[in-house]
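Visitor: I have not seen this structure before. Please show me how to read its features.

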Amino acid sequence: MKRLIMGLLGLWALGAILPAAELDLSVSMENPLLVAGQRHVTYMKVGLKGFEWTRDRDRAPLNVSLVLDRSGSMEGDKLERAKDAARFAVDLLESRDILSIVTYESEVQVLVPATKVADKRGLYRAIDSIQSAGSTALFAGVSKGAAEVRKFLKADQVNRVILLSDGLANVGPDSPGELADLGASLRREGISVTSIGLGLDYNEDLMVRLAQSSDGNHAFVQEPKDLARIFHLEFKDAFSVVARDVDLKITCSQGIKPLRILGREGEIKGQEVSLNLNQVYSNQEKYFLIEVEVPELVPNIARSVADVAVRYQNLQTAKPAVLTAATTVKGTASQVEQEKNRVKAVVEAVAVQKNVEAGEEAIRLRDEGKLKEAKEVLEKSAAGLSALAKDLDSEALDDLSAAATENADKIEDEEVWQEQRKAMRSEQYSAANQQSY
Amino acid sequence: MKKHLVLILALSILLPLGTTFWMGGQALERDRDNVERRVKEALAVRLEVFGSRFSDVLESTRLELSQAAARMAMDEESLRDLGRRHPLIRQVYLLRGSELAFPKAFGGTMTESERHHRMKSLLEGEPLAPPAPERSAAGIEGEGVAEGWKTFLEQGTSLYFWKERPEGLLVFEINRGGLLSRLSAGLPGELENASDPEGHALQLLDERRKIFFQWGRYERRPEEVPLLIKDLPAPFQNWQWTYHLSPELRPGFGAEGAWFWGLAGMGLAAFLGLLLWYLQREIGRNLREAGQRVSFVNQVSHELKTPLTNLRLYADLLQSRLPEQSLQAREYLEIISSEAERLGRMIHNVLTFSRKDRRDRPQCRLTDWDEVCEAVIRSFRPAFRAKSLRLEWRPGGVGRLECDPDWVGQILANLISNAEKYASSGGVVEVSTGREAPSAWLRVADRGPGIPAKDRERIFQPFVRLSDQITDGTGGAGLGLFIARDLARHHGGVLILEDSEAGACFRLSIPLIGEKK
């Protein structure tokens, strides 16, 4: 027994002495070599990868609010599965975590106010008592959930609202714009909202905007029996958060002009690009793609492109940390050289984001009734991806091309459109956000 | 007659019924109004509480923004930082005069001129009242400086918070979704003592009259008017609270109440209808039977007239044939005649009563009043003699006048007949006549037991006879006085019972017309 204790103490001491893990910041250009003498529009990828917890089975505590839709449309199997998933979530949590459960229909009820997960039986009982009735006051539900999380808001824990809804919000603000406003506001407080859409009747634009603006996850769950599995993935994600309040500032060098950011929200002001993430996950990379204009280069002369500074809250050390990196480009006389040196990861990432944009455009056209045009956009994207996949020998791009083709085939079918639109939105968001599931 | 009876019966049932219903309805209506008023009062109290919660969140937000604005360092970095970091602020602006000092360039979906216009109108913002003294104790910088909200309702709703600083006008464009979320979260989730969430709904409506927040699940019908409406304070002055109560839960007449009262009313009406029908049938039957009896009597009486006429005729003939010496026989014959006459009078009365024999108007001719009376008296003498009664005749020398001798005769005959039947104990009956302008009269007075005070009017009603003891063995249908008075009236005169110390005294007066002495 004594030896065991000594051994553990040793390990702990070791962990304390070892340098604390850091986020892995990487900045790379799509084309580190660019043909000299002409202007180029190219892409810069700024990636952040989470570290592994150095101590076994350790994680930051969670401060989470489950916001469950119990409107009349949830009656029956849907609600039962939702309750199963909620009980499952309670199972996963520990006494260091804070949980609140909010249910909503026409009214909002705080079923379980924010409390440490100590009395699991009590929580099960509360979940058992949920019944369905009424309409869908989604905004009020999310607001109450956020208020519960706000009660114990702390920097060194993961603050999250997990929203489950199966229908259209019809009480309270219900436009994607208003929900996006709410998401943005919560994001600034350090609260992310993960939106889980159940069935075929919810408003996917609203749910995705809410997740996007608050930097949460989004899932489209068609069958109620899949809910538990999705909850599992979501909580696994939440347990793996290693850093929070991640602020990136990319200062482009003179002559380099930042044009736009692909796939994410951010601010470009002059030479500065400001970006933000609410959390970074262990062993997951989240990246930003910045489209930049590079002026004429001189062969073999390197030119500074940008300096990147990242500030974040390290959840393992519970301390703020700073990272910096920089990147350059070099001129080359040879087009071949430019091509040979292009960075596969960045090219792939760019292709993925451009496919996302094509998908968004296709949905927009389809919504306007322009079925043919929508199909063409998808087919064009699929073709481009296919060619690029061959070129790069990229399996990922191949899969993506196949998916785009499938979407193109289905997009004119009226009957499956409701389902397809949700699936497409979900895929797009997942890709833009590098969601783990 | 029958129709009138039914109508009266029906009215006498329906009128009280209707009145009861109407009064019941009034009472219920009053009750309902009372309860409704009390519900409204309770609601108003509850709304006070909710409204104050809303105001509290709004106020604390305003305070937060005010402090942020007051403590703001006015350099570009800080201004941009606040616009990026604060959960409720979307963008920060600084105006100097009518110029935009920060940010240097406009962004967003509005055109430059639109933004400019908006900034200008922000300069005319409505300031709040100067902060209360307590707050200055909290040490807020810039105390006593103007600040306020401003709402724009074009292209959706935008909300701004502004505060005056020495450096210029600091304006925050508010993340409205974030603010609405705070307000929403601050409202209580459930109504206390919510008995039936299906039956009511307290709603907070935004400027587009969309439901922002709701308690209760009741879904109102399109045309339904809310039980209560209350406005909110600025900057939400275009919002309102409304309360709807399901009609089923409203006190007083609901669908249930109406059903109950409707059924009860119908039941009552049905019952009364049955009663009415039954009564009408009974009465109808009684009337029919009575009618049958009357008609039977009339028929019989009519039949009797013929043999009676023969009786009298042959009695008279025989009387005229008898020799002077047969005094006894003559006497007997007189009695037979007199009785026959009496029988005739009775039949005449019955037939008069049933109007079969009677005319509605007197057939007047110039007649000697006293002679008419004397004739009648003469016909009674035998009967009186037989009963050892005296019949005294005191004519008053009235003379001739226009009258119906048959009617006058019948009246007098009925009076004398009554006296004979009921007042024989008095021994004497006096008949007198006279004249007292403007009428002629005749009087029949007896010394019998008299008429008790309570019966003085009753005796003139048909079929009324005073105690049967007196008339034992005498008969009489109780029609005499009724007919006499009736005839007197139709003749234009009166028949009255005069006051007298002993016995009864009847007087007939007929107005004098065309008299001749």
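This is a predicted model: local features need pLDDT of at least 70, side-chain atom pairs count only at pLDDT 80 or more; totals for chains, interfaces and linings use all residues.

Visitor: How many residues does the largest nonpolar core have?

Guide: In soluble globular proteins, nonpolar side chains tend to be buried together. A nonpolar core is a set of buried Ala, Val, Leu, Ile, Met, Phe, Trp, Tyr and Cys residues joined through side-chain atoms within 4.5 Å; buried means under 20% relative accessible area, exposed over 50%, partly exposed in between (1.4 Å probe, protein chains only). Here the largest core has 74 residues, and Met44(A) and Ile250(A) have the most contacts inside it. Strand S10 (residues 241-252) of chain A gives the most to this core, seven residues. Strands (E, at least two residues) and helices (H or I, at least four) are DSSP runs, numbered from the N terminus. Apart from this core lies another, of 65 residues, including Val142(A) and Phe212(B).

Visitor: Which residues is Ile250(A) in contact with?

Guide: Contact means heavy atoms within 4.5 Å. Leaving aside neighbours within four places in sequence, the partners of Ile250(A) include Met44(A), Val46(A), Leu275(A) and Val308(A).

Visitor: In which sense do S1(B) and S2(B) pair?

Guide: Two strands pair if DSSP finds at least two bridges between them. Strand S1 (residues 89-96) of chain B and strand S2 (residues 99-102) of chain B pair in the antiparallel sense over three bridges. Arg96(B) has Glu99(B) in S2(B) as its bridge partner. S1(B) also pairs with strand S5 (residues 168-174) of chain B, in the antiparallel sense over six bridges. In that pairing, Tyr93(B) stands opposite Val171(B) in S5(B).

Visitor: Where is Asn407(A), and is this residue buried or exposed?

Guide: Asn407(A) is found in helix H11 (residues 395-410) of chain A. Asn407(A) counts as buried because its relative accessible area is 12%. Leaving aside neighbours within four places in sequence, Asn407(A) is in contact with Leu378(A), Gln420(A), Met424(A) and Glu427(A).

How values were computed: Residues are numbered from 1 along each chain as its sequence is written. Chains are lettered from A and ligands numbered from 1 in the order in which they are written. Side-chain values use heavy atoms; hydrogens and water are left out.
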